[in-house]
Each structure stands twice: as structure tokens, then as C-alpha cells.
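Subject: Handover of a structure

Dear colleague,

Please find the sequence and structure below. A short account of what was found follows.

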Amino acid sequence: MTEVTIVGGSGYTGGELIRLLQKHPNVEIKNITSRQYDKTPVNKIHPHIQGSELVFKDITTDKIDSDIIFTATPHGASMNIVPELLETGGKVIDLSGDYRFRDISTYEKWYGIEHVSPMDAVYGLPEIYREEIKKADLVANPGCFPTGAILANLPLSQNNLVDNIIIDSKTGVSGGGVNPNQVFHYPNCADNVIAYKITSHRHGPEIQQELGEYSNVKVSFTPHLVPVIRGIFTTSHSFLNNLVDENIDYTKDIDATKNIDYSKNIDDVKNDIINLYKKQYKDEHFVKILDDGETPNLNSVRGSNFAHIGGFEIDENGRLVVISVIDNLVKGASGQAIQNMNIMCGFKEEAAIDSYGMRP
């Protein structure tokens, strides 16, 4: 059995790691660390984890001896322990933002923290970096907003179909973490929609980093808080480039060109876009492209590691609208971390995370 340790297991992402790993056929949870809850049974903090006999432990990083180590620690904390954890010989999957940026100055600008231990890490989005993840010792698990946004727009950037993307994402209150604050206080967020960090959210440059790898696309991002517990509903707006090659049959040879032919009926163009997405993700178990006329629903992915992408409407101005939904705690955090572990260890990629969403 592969032994795993969860560092910082008392939060929502820690609880999800425990819940999902409990049914993994190849994994044994060796340690779940917490200074605050040392020697406390896990079910006293995560009341849904009954009968596991797991107990929180306050142990130092040099005493951790596991094959895989999940660091479910706050931004700024992971960088202080990851180098030492790697020295134990284990592989690390970090759920904080400390190792997501290839340019450390970008991290320091947007997080407002000096990075004290820069290291090379693989960005843990399997739909892009699966081969690199297989060989990695350190994987930076993506942010929740970036996961939904990047998956929704990757084919557009890779095929240079748009120059600008405007991303409007709505998140449930669990995205704010286990510690309460005024923004996530029930009377403030219930029956309300709150836009926050309108142009300054730290996940914006993370989305830009990944989509900008393929084209000169410019990304604008605004998050909103909505009164649901789980989920991220992302609506992406972009204007298709009006570049025409009359020698291409777009329906049959969609990836042979970067161009879209507006002389065609808009419905035909829409079908070309849907076919492009289906081709992009045809081998991706956890990304489901919905058919024409179908709109993704948050409660279809709740509790699951699936991403649903749909919408695909084009207006008369050439604006394309693409919608994605994920569970912020699963595909947006702990489920994707386990997906990365499965890839790193050579397990079946769907192991322990193959359940459908909880609807209704």
C-alpha cells in the first residue's frame, strides 16, 4: 500500500482528502497533522468521517515518512515546509498557491509575500501536464477558479480563436475556507451576490499564465460569492477572430486552422466550436462536453471530480459564451490532488474519485 500524509488536515480540503482517500484501493492514510487538534479524533472535527479511527497528530516535518504528502496548508506556509518534506524522500502535492507560478515575482506581487524557497514544480492540471506530472516530485495543485476557467477556455487559446477572454466566476461559500469571516457570514451572503477583488484576485494571473502559454490572449477575471455551499460556475465571454480561409472545411478539419469562417451560418460555427471541444477532451475522463443547447448545472458536479462544459452560444456580434462548472473542493482542490497522486503513482487515474455528482 502507498502511505500518505495529509499536512493540515482540519480544513475543508483536508476533510475532502480524508473522505475520498478512505475508499482508495491502493492507499493507506498514515498521518493527518494538526497542531491545534493534536490527539483529537478526526470525526470530532469532521463529523461526517465516522468510524475511521483516524486521529490528528502534531508531528514535525522531518518525522514524516510517507510516499505521498499532501500539504493542505495556507498560502505562505507551504513554502516553509515543502523543501524539508521533499528531503524525506516523499513526493509532495501542494494545495496552496506557493508553487503555482513559474515567475516568482508574479507570486510575490499578487500574494504580497516574499517567497523564501522557490522550487521547480509541475502545475497540476492533468488535462495539460499529465506526462510531466507522472515524473514529478512536487506538484502545485491548481486554484479552484483557474481549474474551471482554464478548462473552459483552453481550446480557444490553443487554436488562437480569440484575443481577449472575460471570465465571470461565481463560487460557493466553502471557497472561503473553514474559518468564518464577515464576507462569508450567513446574513451577509444569503439572498445576495457579492463581487469581490473585482480586478485584483490572485487567481487572475494564474489563469493568464496557463492560457497565455499558447497564444497572446489577454484574460480578465472577476469572482463573485453566491449563497451556495459548493461549486464554481464560470461564464467566459470572448469574441471570435474573424479570419477566413476558404480552402478549409471547418467541420471536417477543425484543427487544421486557427480561423473561423463567419460566412457560414452561426449555428454551423457553433457546431464547429463544440466539435473542437469534444476533440480536445475526448480522452479526458473528468471533463464532459455537453451537447448543443445544454447548460451546465452546479448540482450536477457537487461532490464529484467532474468538470462540465457547455453553453457555446454565439451572438450576432461574434461573442462566444462558454460555461463550466466544478466542485471547488473536489476538482477545484482535493479531488484533483488525488487525481495527480494517481498519475504520479501509476494508479488508475479515476481511483477513489470516480463518483458522479450529488443531484439533487
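The axes of helix α5 (residues 144-158) and helix α8 (residues 266-280) come within 10 Å and cross at roughly 105°. That makes α5 roughly perpendicular to α8, a label given to angles of 65 to 115 degrees. Axes are lines fitted to C-alpha atoms, for helices over the stretch in contact, and angles run from 0 to 180 degrees between N-to-C directions. Helices (H or I, at least four residues) and strands (E, at least two) are DSSP runs, numbered from the N terminus.

This is a predicted model, in which local features need pLDDT of at least 70, side-chain atom pairs count only at pLDDT 80 or more, and totals for chains, interfaces and linings use all residues. Residues are numbered from 1 along each chain as its sequence is written, and side-chain values use heavy atoms, with hydrogens and water left out.

Where the two helices are in contact (heavy atoms within 4.5 Å), α5 contributes residues including Leu 151, Leu 154 and Pro 155, while α8 contributes Leu 276, Tyr 277 and Gln 280.

Helix α5 also lies across β8, β10, β11, β12, β13 and β14, running at about 140° to β14. Helix α7 (residues 203-211) packs on the sheet as well, touching β8 and β10.

The open sheet has 7 strands in the order β9-β10-β8-β11-β14-β13-β12, with mixed pairing; two strands pair if DSSP finds at least two bridges between them. Strands β9 and β12 stand at the edges with a single partner strand each, so one side of each is left without a neighbour in the sheet. Strands β11 and β14 pair in the antiparallel sense over 8 bridges, and His 237 stands opposite Val 321 in β14.

Yours sincerely

Technical notes:
Angles under 35 degrees count as roughly parallel, over 145 as roughly antiparallel, 65 to 115 as roughly perpendicular and the rest as oblique.
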